Amino acid sequence: MHDTMQTQSERDVVLSVQGLKTWFHSRDGVAKSVDGVTFDLARGETLAIVGESGSGKSVTSLSIMGLLAKPAGRIEAGKILLRDRKGQEHDLAQASAATMRRIRGAEIAMIFQEPMTSLNPLYTVGDQIAEAIVQHEGGTKAAALRRAQALLERVEIPAAARRVNEYPHQMSGGMRQRVMIALALACNPSVLIADEPTTALDVTVQAQILDLLRRLQAESGMSILFVTHNLGVVAEIAHRVVVMYAGRVVEDAGVNDLFDRPTHPYTQGLLSCIPTAALLASRQRLAPIPGNVPSVTALPAGCTFAPRCPLASAQCTAAVPELIPVRPAHHARCIKVLASADAEVSHA
Amino acid sequence: MSTLMNAPQPQAAAPLLSVQGLTVHFPTGSSRNAPVVRAVEDVSFDVPHRSIVGLVGESGSGKTTTGRALLRLIKPTAGKVLFDGQDISGLDEARMLPWRRRMQIVFQDPYASLNPRMTVAEIIGEALDTHKLAQDRRDGRIRELLERVGLNADHRKRYPHEFSGGQRQRIGIARALAVEPDFIVADEPVSALDVSVQAQVLNLLQDLQRDLGLTMLFVAHDLAVVDYLCDEVVVMYLGRVMERGPTRLVYEAPRHPYTQALLSAAPVPDPRAPRQRILLKGEIPSPMNPPSGCVFRTRCPHADARCAEATPPQRDLGQGHYAACVRIDEITP
């Protein structure tokens, strides 16, 4: 995997999320599920958003797709800038419903954890893919069905000519996820958002799907925003990584840099919670992060990780820390890394 | 043979649990000719005293059914389950009760396995009452158990919904420990938990095993977690044991093609790790109509005509390592 050595301006950015805040309003108060999220996705790149439950990773992807449960969920601030195929820039945070309908599918598509809930059980998979093609590009149903079959072949579904006439329930979980990918690719989107696409699958099937996504990306040059809780999957598929905790980005880095030099105490904690080869070889114990992920309706003041952080002091709760550059193309939202980071950046 | 030779072995040497030819079939209808789901087929393995044995496999492998059948939560169709030398597979409910005190289970889903209308004290107390334990100091025992699993004993009057997922799993563990069991089946106990909370529960299970001298069967699909926690591992596929042995031996030198593929498919949290992945074709076949011979042969990269002929026997590879593959010498010399 490659670390991005280019500067931000040199990167061919397709999707730029800037200061995104998505809050949910209810009688119990305001849930700040996404509270200031910034990242760029470059052409042909896979960016992983990694986090635990309540980190805001899924709400971030739903905000980009314009699929928030309204009116409870609202984008309160920030921009979601998408560069379309013609080079025109759209702010999806402000886009009308009509614009979003045009962009979804054609420019950005999404696949979910559980394909069964996203596929219509009453239509054959061929009809569902053909419908998307006709909707976006027009043409005859017969031509669209032929393309649907070709798409099923492209995602390596065996006996596609027969499978195109099957219903979702006739397929296994792995096959349904391939159908979802075929559906997402129907209009050649430039960005694919994959929200925990392999979490419900067995490990041998997960390996097949990751392999397929890598191959499709190499063929089409699409960008992938890969949302996951699994650091093993991150290491397998990502070029760059954004780590989220309680609604905020706490660290972003190239994938090698993140695993070699995790900088935010939360990222470091997360990596010492999983049995890595090094830990197993040294026969050390796992070092859990104490406590629990905070509730989004009752976030701690200042740094939201402070109550669980081994380095926390009074300063940490005084204000929300900024994302600080610690190395080229590597940032961490922690005031404790400031001193050592200054030293490293000046050396760089 | 002398009578001395036939005498029972000292208990420390014999395994606490010995599963022999365990088979579980589920009928799919009431008719006598209804097809059966062959969930578990001729499964054998031992769980030595004070060890943790991992039972791994993908969905449909039969690992969960095996765990439940050996606790008699599901009635086995055939086979023996020797617990402390006694076959418990055919006991009726009344005769089973004293054995139930010695063998407990921790479930995967801490949200579904605790009664939402009972307080934590009632949940744990119920286990004590069923087996008439600590009746004179019930509350003290409940407090002790909660503290043992890292919960605040003052919270015992609270209901399950007032706790987080990780805390609920601790309540489930306290309930299992309440009756002072010798043996625990932990069925995917951390799969539903966040990564940072998983590590807390894994370390707790490890501490309890060591401090209380427990014997454990750890049912899981996460191979890294099994590597971390288990002394021995049993790998299942479509109802059968493919390979078993000491965890280090199996992980460092897997001999069965399925184990090789499974281990190579597991994502490694290291972007620089060498990846020589064996990508299996297709998916697990239906347990209603498993392939003849070796059940893995339809996805196996090494399968040939012999593999369809007969179920491969468990080959003894030494040091307690077994694999069921007829081509083992050709593929891993």
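Me: Which residues does A:Val241 touch, not counting residues up to four places away in sequence?
Reply: Happy to start there, and please keep in mind that this is a predicted model. A:Val241 is among the residues with the most contacts inside the largest nonpolar core. Leaving out residues up to four places away in sequence, A:Val241 touches A:Ala48, A:Val50, A:Val234, A:Asp252, A:Ala253, A:Val255 and A:Leu258.

Me: How many residues does the largest nonpolar core have?
Reply: Nonpolar side chains tend to be buried together in soluble globular proteins. Here the residues with the most contacts inside the largest core are A:Ile129, A:Ala182, A:Val234, A:Val241 and B:Phe218. The size of that core is 190 residues.

Me: Which helix gives the largest share of this core?
Reply: The core draws at least three residues from each of domain 1 (12-99 + 222-260) and domain 2 (267-292 + 300-347) of chain A. The largest share is eight residues, and these come from residues 173-185 of chain A, which is helix α7.

Me: What radius of gyration does chain A have, and what would a compact globule with 348 residues have?
Reply: Chain A has 13 helices and 12 strands, and its C-alpha trace spans about 65 × 50 × 45 Å along the principal axes. A compact globule with 348 residues would have a radius of gyration near 20 Å. That agrees with the value for chain A, 21 Å.

Me: Why is chain B as compact as a globular protein of its length?
Reply: Chain B has 11 helices and 12 strands. For its 333 residues the globule rule gives 20 Å, and chain B is close to that, so it is as compact as a globular protein of that length. The radius of gyration behind this is 21 Å.

Me: What percentage of the residues in chain B is buried?
Reply: The C-alpha atoms of chain B fill a box of roughly 65 × 60 × 50 Å along the principal axes. Among its contacts between residues at least 6 apart in sequence, 64% join residues at least 24 apart. As for burial among the 333 residues, the share is 44%.

Me: Which helix gives the most to the side of chain B that touches chain A?
Reply: The contact takes 36 residues from chain A and 32 residues from chain B. On the chain B side, α7 (195-212), α8 (223-229) and α10 (257-265) each supply at least two residues. By class, that side has 17 nonpolar, eight polar and seven charged residues. The helix that gives the most, with eight residues, is α7(B).

Me: Where is A:Pro71 placed?
Reply: A:Pro71 is worth a look for its backbone: a cis peptide bond joins A:Lys70 and A:Pro71, with omega about 5 degrees. Its place is the loop between α1 (57-65) and β4 (73-83) of chain A.

Me: Is B:Leu238 buried or exposed?
Reply: B:Leu238 lies in the loop between β9 (232-237) and β10 (240-246) of chain B, and its phi is near 45 degrees, a positive value in a residue other than glycine. A residue needs 20 or more C-beta neighbours within 10 Å to count as buried. B:Leu238 has 26 inside that distance, so it counts as buried.

Me: How does B:Glu188 count, with 19 C-beta neighbours inside 10 Å?
Reply: B:Glu188 is found in the loop between β7 (183-187) and α7 of chain B. Phi of B:Glu188 is near 50 degrees, again positive in a residue other than glycine. The cut-off for buried is 20 or more neighbours, so with 19 B:Glu188 counts as partly exposed.

Notes: Residues numbered from 1 in each chain as written. Chains lettered and ligands numbered in written order. Predicted model: local features only at pLDDT ≥ 70, side-chain atom pairs only at ≥ 80, totals over all residues. Core = buried A, V, L, I, M, F, W, Y, C linked by C-beta atoms within 7 Å. Buried ≥ 20, exposed ≤ 12 C-beta atoms within 10 Å, placed from the backbone. Helix = DSSP H or I, 4+ residues; strand = E, 2+ residues; numbered from the N terminus. Domains from an automatic or database assignment. Contact = placed C-beta atoms within 7 Å. Rg over C-alpha atoms; globule rule 2.2 N^0.38 Å. Nonpolar A, V, L, I, M, F, W, Y, C, P; charged D, E, K, R; others polar.
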